[in-house]
Amino acid sequence: MVEEESLRVVRCGGSELNFRRAVFSADSKYVFCVSGDFIKVYSTATEECVHILQGHRNLVTGIQLNPKNHLQLYSCSFDGMIKLWDYTDGILIKTFIVGCKLHALFTLDCAEDSVFVTINKEKPDVFQLVSVKLPKSSSQEVEAKELSFVLDYINQSPKCIAFGNEGEYVAAVRDFYLSVYFFKKKTTSRFTLSSSRNKKHAKNNFTCVACHPKEDCIATGHRDGKIRLWRNFDDEKKYTYTCLHWHHDLVMDLAFSVTGSSLLSGGRESVLVEWREAAEKNKEFLPRLGATIEHISVSPAGDLFCTSHSDNKMIIIHRNLEASAVIQGLVKDRNIFTGLMIDPRTKALVLNGKPGHLQFYSLQSDKQLYNLDIIQQEYINDYGLIQIELTKAAFGCYGNWLATVEQRQEKETELELQMKLWTYNKKTQGFVLNTKVNMPHEDHITALCFCNAEKSENPTLVTTSKDGHFKVWILTDDSDIYKKAVGWTCDFVGSYHKYQATNCCFSEDGSLLAVSFEEVVTIWDSETWELKCTFCQRAGKIRQLCFGRLTCSKYLLGATENGILCCWNLLSCALEWSAKLNVRVMEPDPNSENIAAISQSSMGSDLFVFRPSEPRPLYIQKNISREEVQWGVFVPRDVPESFTSEAYQWLNRSQFYFLTKSQSLLTFSTQSPEEKLTPTSKQLLAEETLPTTPFYFILGKHRQQQQDDKLSEALENELVQLPLTENIPAISELLHTPAHVLPSASFLCSMFVNSLLLSKETKSAEEIPDDVSMEEEKESVDSDEENNFTEEVQDTNNTDLGKDIIHQLSKSEEKELRKFRKVDYSWITAL
Amino acid sequence: MGEFKVHRVRFFNYVPSGIRCVAYNNQTNRLAVSRTDGTVEIYNLSANYFQEKFFPGHESRATEALCWANGQRLFSAGLNGEIIEYDLQALNIKYAVDAFGGPIWSMAASPNGSQLLVGCEDGSVKLFQITPDKIQFERNFDRQKSRILSLSWHPAGTHIAAGSIDYISVFDVKSGSAIHKMLVDRQYMGVSKRKCIIWGVAFLSDGTVISVDSAGKVQFWDSATGTLVKNHLIANTDVQSIAISDQEDSFVVGTAEGTVFHFQLVSVTSNSSEKQWVRTKPFQHHTHDVRAVAHSPIALISGGTDTHLVIRPLMEKVEVKNYDAALRKITFPHRRLVSCAKKKQLLLFQFAHHLELWRLGSTVATGTVESMCLLAVSPDGNWLAASGTSAGVHVYNVKQLKLHCTVPAYNFPVTALAIAPNTNNLVIAHSDQQVFEYSIPDKQYTQWSRTIQKQGFHHLWLQRDTPITHISFHPKRPMHILLHDAYMFCIIDKSLPLPNDKTLLYNPLPPTNESDIIRRRTAHAFKISKKYKPLLFMDLLDERTLVAVERPLDDIIAQLPPPIKKKKFGT
């Protein structure tokens, strides 16, 4: 069914949202941000990604609204193109080919048919601001080669350039000077900060610039946290400036409000400061924004602000300094200690997020679902502070339990360790702290794992530590006279010759526990905690350890630091095979026998997929990444793929994701990028007053149909038009949609309750025809749907009897739905 | 050069008084400064900011207000209720007139210089006519409820603004009645303070009144309608003073935190005529309250409780980058406060109201009040050199009691003079840092003096910002002249070549291991030591002994009242 192309490594979401300033649409309904090679369009009200504008072949570096038509958006990219988009429909209108790397984009109301871009000529650090004339042409692709030079030796960042007073001048800052170019006079004034000459370690470098929208006033941010407001800068002698100082660290970005009555600034303090009337004493704060403010933008309507943060987050802030929406991508600015995990409930990717948090990230919607605060302490953002680090985490018992380990080590001898066990609370739909264990071990915890066997009646957790012990923790009754409760206690402590315990792993059925002690692997019976046998290959310390699954469950795999991969047979207690492979990541697929191993060499990272039963790999992909791969994980697919080629069969049940050292999340795909479009983003093309969600497609269309019917029918028929019972597939499908992709419950509630309001007599009357329609449906799925559907629609229009319509309506509706799922939308991207 | 034994004297317990008022006179480019002890000093801004005149104060004459009228006449008023006019020629008080309104808090001369206005404790504003030799009471304006703390004339002389407690009144000069009463908000950062004191007002020609008050606000009022136009909250503490430039395009305010803020009138956009007042640069040169500010065409002048007079030039107004472009801080008087009896090894310290005579190890205190004049007697007792405040130096023959000669007049005032033993050469230092040597017997400048005038002094020498206050001679080495200012001590060796602009002026004392040839090549006439500072006095006691009187600034600051405590970030 799927044409097999070559398997490629592709980036799968998680790209930066904070690379450039966000841009608001003129009506403040949408906010745009660059995200890798794409531009994302978010709704400011629902935080939902409405469109992804794809078409650039390299990093998108700038977006601006078209000043002549505010329903269009210009973008520029490293691929040397300027593209014009219709963002309401997500359509590419035009491409202008400039031909050199474009670093930033600016538009001006008054500049006729031209935009400004930053380009790099010759030397790597010398950037120029040039104006590009966009030729008028009807063709889709136009060459725009007419560049005229404006300013030289500027900073690459678009934050260091600002246009003021309706395009009368442009201000650019770099290092210690501010240059202002006046378009009318064609002169440049340059102001150098005096201390730059005198002091060697002067910290008043310019960091960013903003121009007052109404007055001749330039605001500049500096590395020492000061903001300078420059006036009279058309005279190089009489210029004057005033200082505003609140930030203690560098000012990351500045923005004037639309009227210019206030100035916004932000930096590493994670506090948005609003300077009213540019007065030092008249300022307002929005504190605790979570992470360094990298960019600030203001909506053209003036009602919203948007801050982009270093933790890959955008916050939509109302004019009165109240955060109204948070758009959170994959948090990337921290070390990943926990590795990649899959939450068994939400199928979300779980890893270290904000400091002290675990993030739950949906791979399907490229969106962070939520943050779980593990450390539960205020994070103090300061250099040189030794923070508590969340080092280990594991899910157990189908997502009912979560174990986390946090540590802080200020000095060699002062280790603070804490293990927390969290239980999933169905009522609150979140994890609740159950047990907190202080110093579970004497030394660093190296691994922890739950026993995930189906038959195990008692949840069991094993931790291994450098102190030479592994501990088995079990859930016990912790009730007292006040309440019934459960808690975790240590059940067994094991050790082996005072070696450091480095890894642990439960067999699939939970009967055996493998613990590696440096070079030795020990096998323990999980019933009696008896040492069953040991394996020692003297091939270096064991780095990874895992049991085989399904038919290969008799095998145990271990990868050592000396680059040997060993496979032991547990029945014969002998080495089955070994191979020389410097394994960095070894991950078993939960749905098959396959095991993926990523090896590290000087050339790059290679992927090997194999079954423990045979030493010959199923699939080898060389050089999947030039840098070191740190973590990998198999993610079970919702709908299994059916690759026929033997080489790709390992991807049928699960998808493999891996994370490199620079924190790019990558996966394997056979599809071209155009096909990779998620179905939801396609469906959302409809223009309605309703927010467009998948739910809308089911109920919204339905309602339209209803309204049509209303014209021809009496009101009482309306009631019987909603025969929504459990066996209507459309509704059942709807109910099985994961909760996190649905709009808020309050929005759905009235519709849903309405649909359940049924008079008893209609329900009884429907039951039989419903079954019939189900059968019909099954037949028609494979037949030519298009014709079938139109026929039936005609039927409904002709009949006057309400009860007949009901069934046909629900059926046609459902077909339409199915049609939507199947129709190929790839033509849109070709536009 | 030789080495000296140095008496390093630090027991001169001199504390200058805090500055209360400053008044700038545009016509003569002079600045009058009054201190809390009633002292009034006059600085000549054209002559390198030299303190040329000085009226000793008295506790009973604490000044609260100081103003120039008609460009020549200086008035002060104080809490004893008297208006005093100073005689700038005779350097004494011409007369004192009681205003009969209780303590006087404020005073302003009319723009044409014919009238004088005082604001009194009892809420009355009194108008005086300035007659050529006196002032004459003319009338009272409408009496206000509380004391008048600040006054300002409209440049046309038709209206005045008077700052009181909690409100500002605008008077019509012709009728003497209050036409507006502008109430000032007492609120300060949401907290209601008890009272809002209007420390200063300024009336602009377009009718705008600018007020500064104890709640830290600078407010702009429209005097025609009596409404508030704009409000700048600039400090958490009192804003105590305001001064506006003659062009009315910039003004300066001083706060109790020691900060001076500069406000400028700038156009909103380059192509529109609309202008707005913008707070531009803050200057923090003071540690204590800035009680008084003045705005000269090229500089902002401020003074306060910390006793410094700070002159901050406006860079955009300075044409050439010369000596005027540097910030100056005047702390010590430009005259000698210490005299030394060499044979008896006594030091005489001059304080504001008494003298102290010290012998090394023991003290004798005697109390008289003495006014000072620049005099120098030749060691053999034949000659007396005297310098007035403006004229040149006259040399008298003491034996015959008649004028011997007059040194040719020079533009800049004399800061120090002395007659050398044996040669009877008169050495004169001027406020522009020029040093002349004049031979009394020959009645002409000496050859050395002509040489150095021809070649010119080193540029770094001319850029020093304190005047030479004392000159003395080495008894055994006639070629040496010893002189000092507040920051350096210099021995001029007339036998050595003069330095030109390329040579290093401030060479450290030659290290002993260096060869004689290099030392001789780099040696020049000026041997400068910056080891002792701030230096109030330095002289030779005998051939091998020096006495140096220092007054460390920290010791002065330690005796001042504590400044307003400010939270410093990170502490």
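This report walks through selected features of a predicted model, from chain B to its sheet and cavities and then to chain A.

## Ground rules

In this predicted model, local features need pLDDT of at least 70 and side-chain atom pairs count only at pLDDT 80 or more, while totals for chains, interfaces and linings use all residues. Residues are numbered from 1 along each chain as its sequence is written, chains are lettered from A and ligands numbered from 1 in the order in which they are written, and side-chain values use heavy atoms, with hydrogens and water left out.

## Chain B overall

Chain B holds four helices and 49 strands. Both are DSSP runs numbered from the N terminus: helices are H or I with at least four residues, strands are E with at least two. The radius of gyration of chain B is 26 Å, close to the 25 Å that the globule rule gives for 571 residues, so chain B is as compact as a globular protein of that length. That radius is taken over C-alpha atoms, and the rule is 2.2 Å times the number of residues to the power 0.38. Along the principal axes, the C-alpha atoms of chain B fill a box of roughly 80 × 55 × 50 Å.

## A sheet and its helix in chain B

Four strands of chain B form an open antiparallel sheet, in the order β40-β41-β42-β43. Two strands pair if DSSP finds at least two bridges between them. β40 (414–419) and β43 (444–445) of chain B are the edges; each has a single partner strand, so one side of each is left without a neighbour in the sheet.

β42(B), residues 435–439, pairs with β43(B) over two bridges, in the antiparallel sense. Here B:Tyr438 stands opposite B:Tyr445. Helix α1 (447–455) of chain B packs on the sheet and touches β42 and β43 of chain B. Contact means heavy atoms within 4.5 Å. The helix direction makes about 150° with that of β42(B). Axes are lines fitted to C-alpha atoms, for helices over the stretch in contact, and angles run from 0 to 180 degrees between N-to-C directions.

## Two pairings in chain A

β51 (583–588) and β52 (595–600) of chain A pair in the antiparallel sense over five bridges. They form a hairpin with six residues between them. A:Met586 has A:Ala597 in β52(A) as its bridge partner.

Chain A also has an open antiparallel sheet of four strands, ordered β1-β57-β56-β55. Its edge strands are β1 (8–11) and β55 (629–636) of chain A, each pairing on one side only. The twist averages 30° from one strand to the next. Within this sheet, β56(A) (654–660) and β57(A) (665–669) pair over three bridges. A:Phe658 is partnered there by A:Leu666 in β57(A).

## Cavities

A search of the whole structure finds 14 cavities of 30 Å³ or more. A cavity is a set of points, on a 1 Å grid over the protein atoms alone, where a 1.4 Å probe fits but cannot get out; lining residues have an atom within 4 Å of a point. The largest cavity has about 150 Å³ of space. Volume is the space filled by probe spheres set on the points, which are joined across faces, edges and corners.

The largest cavity is lined by 16 residues; B:Phe332, B:Pro333, B:Thr469, B:Ala486 and B:Leu536 lie nearest its centre. β31 (328–330) and β48 (535–542) of chain B are the elements that give two or more residues to this lining.

Methods: 1 Å grid on protein atoms, 1.4 Å probe; cavity = no way out; pocket = protein on both sides within 12 Å on 5 of 7 lines; lining within 4 Å.
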